[in-house]
Amino acid sequence: MTQIGMLGRGLCGLGLVVMLSGTAQAAPAAAGFTIGSPNVAVADPAVPRPPGKACTVELFNDVSFDDFGTRPYSYAPPAGCGTHWKKVVLEADFSVTAGRQYDRTATLWLGGVNLYFGTTQEPSAAVSPQWHVERDLTDYSALLRQAGQGQAIIGNLVNSTYTGVIHGSARLVFYPGGGQGDVPDAVYPLGADPVGNTTVLNSGSDQLAKTFTLPRNVERAYLDVFTQSQGGDEFWYTCVPDAYAAQTSECGGGNFREAEVSIDGQPAGVAPVMPWIYTGGIDPYLWRPTPGVQTLNFTPYRVDLTPFAGLLSDGAPHQVALSVAGAHGYFSATAALLIYRDPQAAQVTGRIVRNTLAGQPPTPTIGSTLATDANGTLSGDITTQLSRQFTIEGYADTSRGRVRSTVTQTVGFDDTQSFLIDPSTYDQHSVQLTRVDSLSTRQRGPLAETYEQHVRYPLDLDYRQVTAADGSLSAATTVRQSQESNTARGLAGIPLYTTRLSNQVEAADTLQFDASGAFTGHTGQHNTQHYRFDDDLGSCYEASVASTGGLLSGYTQGQGCAGGRNRLSWFSRPDGSPDSREHAPL
């Protein structure tokens with residue numbers, strides 16, 4: 001992953017590395033955060049847990065990452081903890097020693113399946129950041145019932161210049177007592193590495209693909225998708241169409257990206273691409289001590305492939321593939337196929353009866369009002385828009401009769417990039433919204449089960465570089481980034497369960513350079529994060545963090561929640577995605 005100081009003409013311009021300095025790290029509090037500390041502070045909640053004693057399996061402990069090799073480990077299910085669990089949680093702790101270091105991609109794997117995907121916090125000369133991440137892996141219980149080989153991958157260059165050594169520990173925590181049939185029956189990794197690794201997608205035609213011969217009683221199917229921007233695509237959300245790249249001094253290739261899923265070459269679903277910003281992105285000071293939305297811990301997007309259940313059950317090999325429309329060098333991708341089987345049927349039959357996604361290529365509409373006046377000032381907007389609606393419908397003849405599964409989805413991408421460029425000023429303001437509205441329906445006779453999800457990824461990024469008469473310059477950046485998700489589950493038209501999630505980060509900073517281009521300091525650094533989740537069963541979590549000058553200045557928790565207290569039901573997922581209860585069969 002590259003780190004770009006975002007100077008020069010355009011946000012993808014000069015690859016200047018700004019290494020951070022800072023105050024010595026304050027001692028952590030016994031619980032919560034320490035006001036005045038430069039250490040990582042996020043408002044994200046931990047994964048909710050059920051009551052009862054847990055079993056823990058250590059994957060690795062205090063492992064150093066100082067090269068580009070993998071760190072293998074062996075896994076065995078927890079002894080004396082049963083084979084079905086109410087909850088399985090991955091817990092991982094990371095740190096990086098004080099010094100110079102880039103942000104790094106971090107992944108954990110087992111049997112080819114991704115257990116964790118995220119990036120690392122950058123250190124500074126005097127700050128050695130530490131952070132904790134968690135992921136709900138209950139839906140991966142079938143994988144975890146078997147012993148296997150795994151590996152941790154955090155490629156990290158350490159030498160006399162880049163001195164920060166990353167350390168990490170990880171474990172799986174099991175809460176026994178789960179029922180049978182409430183989680184997928186099988187988990188299949190996409191990708192060629194039997195232990196696990198990502199696949200590089202350099203262009204829109206590149207694919208991460210795997211051919212499976214699945215059980216003949218598939219009842220439901222889902223694909224968990226990760227698509228991470230890397231290299232020249234790291235700042236894809238700031239790029240412009242090739243026709244305008246030269247005059248705006250920006251990266252080309254446009255800024256529309258979307259993950260595409262296919263089965264045997266037939267379009268089968270789409271997944272939005274989250275505009276993650278890593279801790280070295282644009283201006284490293286922006287992300288101290290609070291990184292961007294999901295930066296340290298990515299959330300996969302789950303694509304519903306259930307309309308294909310009958311097709312996937314025919315005993316023939318089927319290829320499941322993932323690509324990224326608009327990829328321009330490059331995206332790092334992985335995915336896991338989750339299968340539910342009909343326990344009462346040896347054979348499920350069925351077919352696709354409608355697929356309007358086929359024949360709808362993801363081709364955005366581009367507009368431009370860019371113009372140069374008599375003084376040579378370039379100003380105007382470049383707009384990129386796409387909106388399409390599709391329905392995929394199939395049926396499966398199961399032990400409970402014929403089940404019709406329909407996925408209806410509206411996907412949209414709206415982006416406006418406003419430019420003002422003259423001899424002393426370069427201003428680029430990007431306002432972007434990636435949105436997905438989906439409805440999954442499974443109907444048996446008059447009984448219909450529905451799952452509705454609305455996802456929004458707003459991004460507002462303003463970069464303003466001004467050159468003074470003496471040749472010195474300032475580069476001011478303001479970022480507003482959000483993840484919004486609402487879900488609703490219903491049965492026979494009766495609402496059963498709804499969730500609402502909002503995760504917002506705002507950050508600002510101004511870098512300063514002398515006439516020779518040497519970094520001289522920064523001013524006005526501040527950032528905030530506000531996270532809220534609630535559902536109609538009374539779960540509520542709300543927290544905020546704020547910083548000034550790279551030091552934590554405020555932390556609140558519980559404001560706005562029922563009774564002024566934070567609580568999460570153990571079966572709730574803070575990202576608003578369905579848990580095992582929401583996948584209960586008809």
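The model here is predicted, so to speak of local features takes a pLDDT of at least 70, side-chain atom pairs count only at pLDDT 80 or more, and totals for chains, interfaces and linings use all residues. Residues are numbered from 1 along each chain as its sequence is written, and side-chain values use heavy atoms, with hydrogens and water left out.

A quick word on terms. Strands (E, at least two residues) and helices (H or I, at least four) are DSSP runs numbered from the N terminus, and two strands pair if DSSP finds at least two bridges between them. Strands of a sheet pair through backbone hydrogen bonds, either parallel or antiparallel.

Back to β6: this strand belongs to an open, antiparallel sheet of 4 strands, ordered β1-β8-β3-β6. β1 (55-65) and β6 (130-136) sit at the edges with a single partner strand each, so one side of each has no neighbour in the sheet. On average, neighbouring strands of this sheet are turned by 15 degrees against each other, direction ignored (axes are lines fitted to C-alpha atoms, for helices over the stretch in contact, and angles run from 0 to 180 degrees between N-to-C directions).

Here are some antiparallel pairs:

| Strands | Bridges |
|---|---|
| β3 (residues 85-96) and β6 | 7 bridges |
| β23 (residues 425-444) and β24 (residues 447-467) | 20 bridges |
| β24 and β25 (residues 473-491) | 17 bridges |

Now for β24. With β23 it makes a hairpin that has 2 residues between the strands, where Gly445 takes a positive phi near 60 degrees. Thr441 has Thr450 in β24 as its bridge partner. The hairpin of β24 and β25 has 5 residues between them, and Gly471 in the turn has a positive phi of about 90 degrees. Asp462 has Thr478 in β25 as its bridge partner.
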